[in-house]
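Q: I have a model open and would like to learn how to read it. Could you walk me through a few features?

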Amino acid sequence: MRLDDFKDLLDTYGADLQSWPSAEQSAAFRLISTNISARRVYEEVVAWEDVLMNERVPPPRPDAVSSVMQSVENFQFEASIQQAAVCSEHPERLSLNGLRALITEVRQSLIFPELVLGACAAGGLFLGGLQQVNQSDIGIDIVSAYIFTAFVI
Amino acid sequence: MSVTGPIPKGAQRALGEPMDTPVEMTVQDGAVHPYTAVTDAELMTMAASDDQIAYRMLVERHFKRVYALAYRMIYHGVDAEDIAQETFLKLWIKRHNWRQDGAAVSTWLYRVTVNAAIDYKRRPRTSPLGDASDPIDQQPTAVTLIHKQEVNVTLRKAMMKLSEQQHAALVLFYQQDLSNIEAAKILDISVNAMESLLKRARAKLREVLKHSSDEMIAAIRDE
(Lines give C-alpha, C1' and ligand atoms only; values in the text may rest on other atoms or scores of the structure.)
Protein backbone atom coordinates (compact mmCIF):
# COMPACT_ATOMS: atom_id res chain seq x y z
CA MET A 1 0.00 0.00 0.00
CA ARG A 2 1.33 3.41 -0.96
CA LEU A 3 1.01 6.49 1.23
CA ASP A 4 -1.48 8.13 -1.14
CA ASP A 5 -3.63 5.00 -1.14
CA PHE A 6 -3.55 5.03 2.64
CA LYS A 7 -4.65 8.70 2.79
CA ASP A 8 -7.44 7.96 0.34
CA LEU A 9 -8.67 5.07 2.49
CA LEU A 10 -8.42 7.23 5.62
CA ASP A 11 -10.67 9.77 3.94
CA THR A 12 -13.07 7.03 2.86
CA TYR A 13 -13.37 5.04 6.09
CA GLY A 14 -11.97 7.27 8.82
CA ALA A 15 -9.35 6.41 11.43
CA ASP A 16 -11.11 3.42 12.93
CA LEU A 17 -9.13 0.75 11.11
CA GLN A 18 -11.46 -1.94 12.47
CA SER A 19 -14.15 -0.60 10.14
CA TRP A 20 -11.93 -0.96 7.06
CA PRO A 21 -12.21 -3.91 4.68
CA SER A 22 -9.98 -6.68 6.05
CA ALA A 23 -7.53 -6.73 3.12
CA GLU A 24 -6.84 -3.00 3.44
CA GLN A 25 -6.80 -3.25 7.23
CA SER A 26 -3.75 -5.49 7.48
CA ALA A 27 -1.93 -3.54 4.75
CA ALA A 28 -2.65 -0.31 6.63
CA PHE A 29 -1.32 -1.72 9.91
CA ARG A 30 1.85 -2.79 8.13
CA LEU A 31 2.27 0.65 6.56
CA ILE A 32 1.72 2.48 9.85
CA SER A 33 4.33 0.38 11.59
CA THR A 34 6.96 0.84 8.87
CA ASN A 35 6.34 4.28 7.38
CA ILE A 36 6.81 7.39 9.55
CA SER A 37 4.79 9.64 7.21
CA ALA A 38 1.87 7.21 7.23
CA ARG A 39 1.99 7.01 11.02
CA ARG A 40 2.01 10.79 11.24
CA VAL A 41 -1.03 11.15 8.95
CA TYR A 42 -2.84 8.44 10.86
CA GLU A 43 -2.18 10.09 14.22
CA GLU A 44 -3.42 13.43 12.89
CA VAL A 45 -6.70 11.92 11.76
CA VAL A 46 -7.07 9.97 15.01
CA ALA A 47 -6.50 13.23 16.91
CA TRP A 48 -9.11 15.34 15.14
CA GLU A 49 -11.65 12.53 15.13
CA ASP A 50 -11.12 12.17 18.86
CA VAL A 51 -11.54 15.90 19.49
CA LEU A 52 -14.61 15.94 17.26
CA MET A 53 -16.29 13.00 19.00
CA ASN A 54 -15.58 14.33 22.46
CA GLU A 55 -16.46 17.94 21.88
CA ARG A 56 -18.65 19.14 24.72
CA VAL A 57 -21.81 21.08 24.16
CA PRO A 58 -22.88 23.59 26.82
CA PRO A 59 -26.19 22.47 28.29
CA PRO A 60 -29.35 24.29 27.20
CA ARG A 61 -31.23 26.45 29.69
CA PRO A 62 -33.12 24.32 32.22
CA ASP A 63 -36.42 25.82 31.09
CA ALA A 64 -35.75 25.23 27.39
CA VAL A 65 -38.50 22.62 27.04
CA SER A 66 -40.97 24.91 28.82
CA SER A 67 -40.01 27.66 26.40
CA VAL A 68 -40.91 25.38 23.50
CA MET A 69 -44.29 24.68 25.08
CA GLN A 70 -44.77 28.40 25.66
CA SER A 71 -44.02 29.11 22.00
CA VAL A 72 -46.70 26.57 21.07
CA GLU A 73 -49.17 28.28 23.41
CA ASN A 74 -48.32 31.64 21.85
CA PHE A 75 -48.73 30.21 18.38
CA GLN A 76 -52.14 28.77 19.26
CA PHE A 77 -53.22 32.03 20.83
CA GLU A 78 -52.13 34.10 17.81
CA ALA A 79 -53.85 31.67 15.46
CA SER A 80 -57.11 31.96 17.41
CA ILE A 81 -56.85 35.78 17.36
CA GLN A 82 -56.34 35.73 13.60
CA GLN A 83 -59.27 33.36 13.18
CA ALA A 84 -61.48 35.64 15.26
CA ALA A 85 -60.36 38.67 13.26
CA VAL A 86 -61.20 36.95 9.98
CA CYS A 87 -64.67 36.00 11.27
CA SER A 88 -65.47 39.49 12.55
CA GLU A 89 -64.26 41.17 9.35
CA HIS A 90 -65.99 38.68 7.04
CA PRO A 91 -69.09 37.30 8.76
CA GLU A 92 -70.31 35.84 5.45
CA ARG A 93 -67.40 33.41 5.54
CA LEU A 94 -68.55 32.24 8.89
CA SER A 95 -72.10 31.61 7.63
CA LEU A 96 -70.79 29.87 4.51
CA ASN A 97 -68.65 27.66 6.65
CA GLY A 98 -71.67 26.94 8.80
CA LEU A 99 -73.67 25.93 5.74
CA ARG A 100 -70.85 23.72 4.51
CA ALA A 101 -70.63 22.07 7.90
CA LEU A 102 -74.38 21.45 7.87
CA ILE A 103 -74.22 19.87 4.39
CA THR A 104 -71.35 17.67 5.51
CA GLU A 105 -73.29 16.59 8.57
CA VAL A 106 -76.35 15.72 6.51
CA ARG A 107 -74.26 13.76 4.03
CA GLN A 108 -72.50 11.88 6.77
CA SER A 109 -75.81 11.00 8.41
CA LEU A 110 -76.80 8.98 5.34
CA ILE A 111 -75.62 5.41 5.43
CA PHE A 112 -74.24 4.67 1.96
CA PRO A 113 -75.36 7.86 0.17
CA GLU A 114 -74.37 6.40 -3.20
CA LEU A 115 -76.61 3.42 -2.58
CA VAL A 116 -79.57 5.63 -1.67
CA LEU A 117 -79.02 7.70 -4.79
CA GLY A 118 -78.83 4.62 -6.99
CA ALA A 119 -81.94 3.08 -5.43
CA CYS A 120 -83.96 6.26 -5.93
CA ALA A 121 -82.88 6.52 -9.56
CA ALA A 122 -83.69 2.86 -10.21
CA GLY A 123 -87.07 3.16 -8.43
CA GLY A 124 -87.89 6.30 -10.39
CA LEU A 125 -87.03 4.68 -13.71
CA PHE A 126 -89.01 1.55 -12.86
CA LEU A 127 -92.17 3.39 -11.81
CA GLY A 128 -91.82 5.83 -14.69
CA GLY A 129 -91.51 2.90 -17.08
CA LEU A 130 -94.71 1.33 -15.69
CA GLN A 131 -96.56 4.58 -16.22
CA GLN A 132 -95.33 4.82 -19.83
CA VAL A 133 -96.47 1.23 -20.52
CA ASN A 134 -99.93 2.27 -19.33
CA GLN A 135 -99.84 5.17 -21.84
CA SER A 136 -100.28 7.64 -19.00
CA ASP A 137 -99.52 11.26 -19.82
CA ILE A 138 -98.28 11.93 -16.35
CA GLY A 139 -95.72 9.07 -16.54
CA ILE A 140 -92.91 11.29 -17.79
CA ASP A 141 -93.64 13.76 -14.99
CA ILE A 142 -93.40 11.02 -12.37
CA VAL A 143 -90.08 9.77 -13.76
CA SER A 144 -88.75 13.30 -13.78
CA ALA A 145 -89.93 13.79 -10.22
CA TYR A 146 -88.18 10.62 -9.04
CA ILE A 147 -84.93 11.43 -10.81
CA PHE A 148 -85.05 14.98 -9.52
CA THR A 149 -85.65 13.73 -5.98
CA ALA A 150 -82.78 11.29 -6.33
CA PHE A 151 -80.37 14.04 -7.42
CA VAL A 152 -81.50 16.31 -4.62
CA ILE A 153 -80.80 13.57 -2.11
CA MET B 1 5.80 1.08 18.30
CA SER B 2 3.11 3.08 19.99
CA VAL B 3 0.26 4.27 17.82
CA THR B 4 -2.62 6.19 19.29
CA GLY B 5 -5.83 4.33 18.52
CA PRO B 6 -9.15 5.98 17.78
CA ILE B 7 -11.98 5.87 20.24
CA PRO B 8 -14.68 3.74 18.61
CA LYS B 9 -17.53 5.80 17.23
CA GLY B 10 -20.25 6.07 19.80
CA ALA B 11 -18.09 4.96 22.72
CA GLN B 12 -18.44 8.37 24.26
CA ARG B 13 -21.16 10.89 23.77
CA ALA B 14 -20.78 14.52 24.61
CA LEU B 15 -24.40 15.37 25.21
CA GLY B 16 -27.65 13.54 25.13
CA GLU B 17 -28.40 9.88 24.62
CA PRO B 18 -30.30 8.53 21.62
CA MET B 19 -33.92 8.91 22.55
CA ASP B 20 -35.73 7.38 19.62
CA THR B 21 -36.81 4.54 21.82
CA PRO B 22 -39.08 5.17 24.79
CA VAL B 23 -37.26 6.21 27.93
CA GLU B 24 -38.32 6.44 31.51
CA MET B 25 -39.32 9.96 32.39
CA THR B 26 -41.11 11.45 35.34
CA VAL B 27 -43.50 14.34 35.63
CA GLN B 28 -43.59 17.01 38.27
CA ASP B 29 -45.48 14.99 40.85
CA GLY B 30 -42.80 12.30 40.65
CA ALA B 31 -45.02 9.65 39.08
CA VAL B 32 -43.93 7.81 35.95
CA HIS B 33 -45.71 9.32 33.00
CA PRO B 34 -48.26 7.06 31.29
CA TYR B 35 -46.77 7.93 27.88
CA THR B 36 -43.33 6.62 28.83
CA ALA B 37 -43.66 3.40 26.83
CA VAL B 38 -45.25 5.05 23.81
CA THR B 39 -43.24 5.27 20.57
CA ASP B 40 -42.54 8.52 18.74
CA ALA B 41 -44.98 7.64 15.98
CA GLU B 42 -47.75 6.99 18.49
CA LEU B 43 -46.98 10.22 20.33
CA MET B 44 -47.15 12.05 17.02
CA THR B 45 -50.57 10.54 16.32
CA MET B 46 -51.74 11.74 19.73
CA ALA B 47 -50.22 15.17 19.15
CA ALA B 48 -52.18 15.33 15.88
CA SER B 49 -55.28 15.18 18.07
CA ASP B 50 -53.99 18.27 19.87
CA ASP B 51 -52.69 16.22 22.80
CA GLN B 52 -50.14 18.63 24.27
CA ILE B 53 -48.90 16.13 26.85
CA ALA B 54 -47.91 13.73 24.07
CA TYR B 55 -46.27 16.58 22.21
CA ARG B 56 -44.36 17.61 25.33
CA MET B 57 -43.09 14.05 25.68
CA LEU B 58 -41.73 14.27 22.15
CA VAL B 59 -40.02 17.56 22.95
CA GLU B 60 -38.51 16.15 26.14
CA ARG B 61 -37.27 13.06 24.31
CA HIS B 62 -35.55 14.90 21.49
CA PHE B 63 -34.74 18.40 22.70
CA LYS B 64 -31.16 17.78 23.86
CA ARG B 65 -30.14 16.01 20.67
CA VAL B 66 -31.79 18.61 18.45
CA TYR B 67 -30.18 21.42 20.43
CA ALA B 68 -26.78 19.69 20.34
CA LEU B 69 -27.05 19.27 16.57
CA ALA B 70 -27.94 22.95 16.14
CA TYR B 71 -25.09 23.98 18.46
CA ARG B 72 -22.56 21.88 16.58
CA MET B 73 -23.64 23.44 13.33
CA ILE B 74 -23.45 27.07 14.49
CA TYR B 75 -21.46 27.09 17.77
CA HIS B 76 -23.73 29.52 19.54
CA GLY B 77 -25.74 28.33 22.54
CA VAL B 78 -28.57 30.88 22.61
CA ASP B 79 -29.15 30.75 18.86
CA ALA B 80 -28.96 26.96 18.92
CA GLU B 81 -31.80 27.00 21.46
CA ASP B 82 -33.77 29.29 19.17
CA ILE B 83 -33.25 26.91 16.26
CA ALA B 84 -34.34 23.95 18.40
CA GLN B 85 -37.43 25.87 19.53
CA GLU B 86 -38.27 26.85 15.95
CA THR B 87 -37.87 23.20 14.87
CA PHE B 88 -40.27 21.92 17.53
CA LEU B 89 -42.79 24.64 16.75
CA LYS B 90 -42.72 23.50 13.11
CA LEU B 91 -43.40 19.97 14.34
CA TRP B 92 -46.47 21.22 16.20
CA ILE B 93 -47.72 23.17 13.18
CA LYS B 94 -47.20 20.13 10.96
CA ARG B 95 -48.84 17.66 13.35
CA HIS B 96 -52.13 17.33 11.42
CA ASN B 97 -50.31 16.47 8.20
CA TRP B 98 -47.93 14.00 9.78
CA ARG B 99 -47.78 10.71 7.88
CA GLN B 100 -47.03 7.62 9.93
CA ASP B 101 -45.45 5.87 6.96
CA GLY B 102 -43.09 8.77 6.39
CA ALA B 103 -39.73 9.52 7.99
CA ALA B 104 -39.09 8.87 11.68
CA VAL B 105 -39.80 11.84 13.92
CA SER B 106 -36.12 12.13 14.84
CA THR B 107 -35.06 12.11 11.17
CA TRP B 108 -37.55 14.85 10.39
CA LEU B 109 -36.42 16.92 13.39
CA TYR B 110 -32.74 16.61 12.46
CA ARG B 111 -33.45 17.52 8.84
CA VAL B 112 -35.34 20.65 9.84
CA THR B 113 -32.60 21.54 12.34
CA VAL B 114 -29.80 21.14 9.78
CA ASN B 115 -31.69 23.27 7.27
CA ALA B 116 -32.44 25.95 9.88
CA ALA B 117 -28.77 25.96 10.94
CA ILE B 118 -27.65 26.32 7.32
CA ASP B 119 -30.06 29.25 6.88
CA TYR B 120 -28.67 30.78 10.05
CA LYS B 121 -25.09 30.45 8.80
CA ARG B 122 -26.01 32.18 5.56
CA ARG B 123 -27.39 35.24 7.32
CA PRO B 124 -25.10 38.28 7.31
CA ARG B 125 -23.48 38.96 10.69
CA THR B 126 -20.86 41.17 12.27
CA SER B 127 -18.78 38.57 14.12
CA PRO B 128 -17.61 35.39 12.42
CA LEU B 129 -19.07 32.05 13.46
CA GLY B 130 -16.94 29.52 15.29
CA ASP B 131 -15.24 32.01 17.61
CA ALA B 132 -17.51 31.23 20.52
CA SER B 133 -15.67 29.70 23.41
CA ASP B 134 -18.48 28.42 25.57
CA PRO B 135 -17.49 26.76 28.79
CA ILE B 136 -16.42 23.29 27.71
CA ASP B 137 -16.40 21.22 30.88
CA GLN B 138 -14.70 20.88 34.20
CA GLN B 139 -11.30 19.27 33.74
CA PRO B 140 -8.83 18.50 36.54
CA THR B 141 -6.22 21.09 35.64
CA ALA B 142 -6.52 24.59 34.29
CA VAL B 143 -3.71 23.99 31.77
CA THR B 144 -5.44 20.95 30.33
CA LEU B 145 -8.70 22.86 30.19
CA ILE B 146 -7.18 25.81 28.35
CA HIS B 147 -5.35 23.49 25.99
CA LYS B 148 -8.51 21.53 25.22
CA GLN B 149 -10.43 24.75 24.72
CA GLU B 150 -7.84 26.01 22.23
CA VAL B 151 -7.96 22.74 20.36
CA ASN B 152 -11.75 22.89 20.25
CA VAL B 153 -11.69 26.42 18.88
CA THR B 154 -9.15 25.33 16.24
CA LEU B 155 -11.40 22.45 15.25
CA ARG B 156 -14.49 24.68 15.11
CA LYS B 157 -12.74 27.16 12.87
CA ALA B 158 -11.65 24.31 10.62
CA MET B 159 -15.19 22.95 10.52
CA MET B 160 -16.49 26.35 9.49
CA LYS B 161 -14.19 26.25 6.47
CA LEU B 162 -16.00 23.19 5.14
CA SER B 163 -19.06 23.47 2.96
CA GLU B 164 -22.39 23.42 4.85
CA GLN B 165 -23.13 19.90 3.62
CA GLN B 166 -19.67 18.64 4.56
CA HIS B 167 -19.96 20.20 8.00
CA ALA B 168 -23.40 18.65 8.52
CA ALA B 169 -22.15 15.24 7.35
CA LEU B 170 -19.30 15.22 9.88
CA VAL B 171 -21.54 16.42 12.71
CA LEU B 172 -24.20 13.79 12.00
CA PHE B 173 -21.68 10.97 11.63
CA TYR B 174 -19.15 11.73 14.39
CA GLN B 175 -21.06 13.85 16.88
CA GLN B 176 -24.68 12.75 16.59
CA ASP B 177 -23.47 9.18 16.23
CA LEU B 178 -25.70 8.33 13.28
CA SER B 179 -25.05 5.75 10.59
CA ASN B 180 -24.43 6.74 6.98
CA ILE B 181 -27.95 5.57 6.14
CA GLU B 182 -29.58 7.74 8.82
CA ALA B 183 -27.40 10.74 7.99
CA ALA B 184 -28.19 10.34 4.27
CA LYS B 185 -31.93 10.40 5.04
CA ILE B 186 -31.51 13.57 7.08
CA LEU B 187 -29.53 15.32 4.35
CA ASP B 188 -31.96 13.94 1.76
CA ILE B 189 -29.21 12.36 -0.33
CA SER B 190 -28.34 8.79 -1.33
CA VAL B 191 -26.05 6.67 0.84
CA ASN B 192 -23.41 6.77 -1.90
CA ALA B 193 -23.59 10.55 -1.97
CA MET B 194 -23.28 10.58 1.83
CA GLU B 195 -20.15 8.42 1.71
CA SER B 196 -18.68 10.63 -0.95
CA LEU B 197 -19.56 13.73 1.08
CA LEU B 198 -17.90 12.30 4.17
CA LYS B 199 -14.80 11.43 2.20
CA ARG B 200 -14.48 14.95 0.83
CA ALA B 201 -15.16 16.40 4.29
CA ARG B 202 -12.46 14.28 5.91
CA ALA B 203 -9.96 15.14 3.19
CA LYS B 204 -10.67 18.85 3.52
CA LEU B 205 -10.50 18.78 7.32
CA ARG B 206 -7.24 16.82 7.20
CA GLU B 207 -5.84 19.46 4.87
CA VAL B 208 -7.08 22.42 6.94
CA LEU B 209 -5.83 20.93 10.21
CA LYS B 210 -2.45 19.86 8.87
CA HIS B 211 -0.70 22.77 10.54
CA SER B 212 -2.52 22.34 13.84
CA SER B 213 -2.00 18.62 14.12
CA ASP B 214 0.74 18.87 16.75
CA GLU B 215 -1.53 20.58 19.27
CA MET B 216 -4.36 18.17 18.39
CA ILE B 217 -2.17 15.14 19.02
CA ALA B 218 -0.84 16.70 22.22
CA ALA B 219 -4.39 17.37 23.39
CA ILE B 220 -5.49 13.78 23.15
CA ARG B 221 -2.24 12.61 24.77
CA ASP B 222 -2.97 14.95 27.71
CA GLU B 223 -6.13 13.04 28.55
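A: Gladly! Let's begin with a term: a residue counts as buried when its relative accessible area is under 20%. Keep in mind that this is a predicted model.

Q: Is A:E55 buried or exposed?
A: A:E55 has a relative accessible area of 1%, so A:E55 is buried, given the cut-off of under 20%.

Q: What does the side chain of A:E55 make a polar contact with?
A: Its partner is the side chain of B:R156, at 3.0 Å.

Q: How do I read the packing of two helices?
A: In general, two packed helices are described by the angle between their axes and the distance between the axes. Here, take helix 2 (residues 22–34) and helix 3 (residues 36–53) of chain A: their angle is about 110 degrees and their axes are 5 Å apart. Helix 2 of chain A is therefore roughly perpendicular to helix 3 of chain A. Helix 2 contributes A:L31, A:I32, A:S33 and A:T34 to the contact, and helix 3 contributes A:I36, A:A38, A:R39 and A:Y42. By class, that contact has five nonpolar, two polar and one charged residues.

Q: And what about a nonpolar core?
A: In soluble globular proteins, nonpolar side chains tend to be buried together. The largest nonpolar core here has 84 residues, and B:Y55 and B:L91 have the most contacts inside it. Helix 2 (residues 52–74) of chain B gives the most to this core, with 14 residues.

Q: Which residues does B:L91 touch?
A: Leaving aside residues up to four places away in sequence, B:L91 touches B:M44, B:Y55, B:L58, B:W98, B:V105, B:W108 and B:L109.

Technical notes
Residues numbered from 1 in each chain as written. Chains lettered and ligands numbered in written order. Predicted model: local features only at pLDDT ≥ 70, side-chain atom pairs only at ≥ 80, totals over all residues. Heavy atoms only, no water. Core = buried A, V, L, I, M, F, W, Y, C linked by side-chain atoms within 4.5 Å. Buried < 20%, exposed > 50% of the residue type's maximum accessible area, 1.4 Å probe, protein only. Helix = DSSP H or I, 4+ residues; strand = E, 2+ residues; numbered from the N terminus. Contact = heavy atoms within 4.5 Å. Axes fitted to C-alpha atoms, helices over the stretch in contact; angles between N-to-C directions. Parallel < 35°, antiparallel > 145°, perpendicular 65-115°, else oblique. Nonpolar A, V, L, I, M, F, W, Y, C, P; charged D, E, K, R; others polar. Polar contact = N/O pair within 3.5 Å; in protein donor to acceptor, adjacent residues only side chain to side chain.
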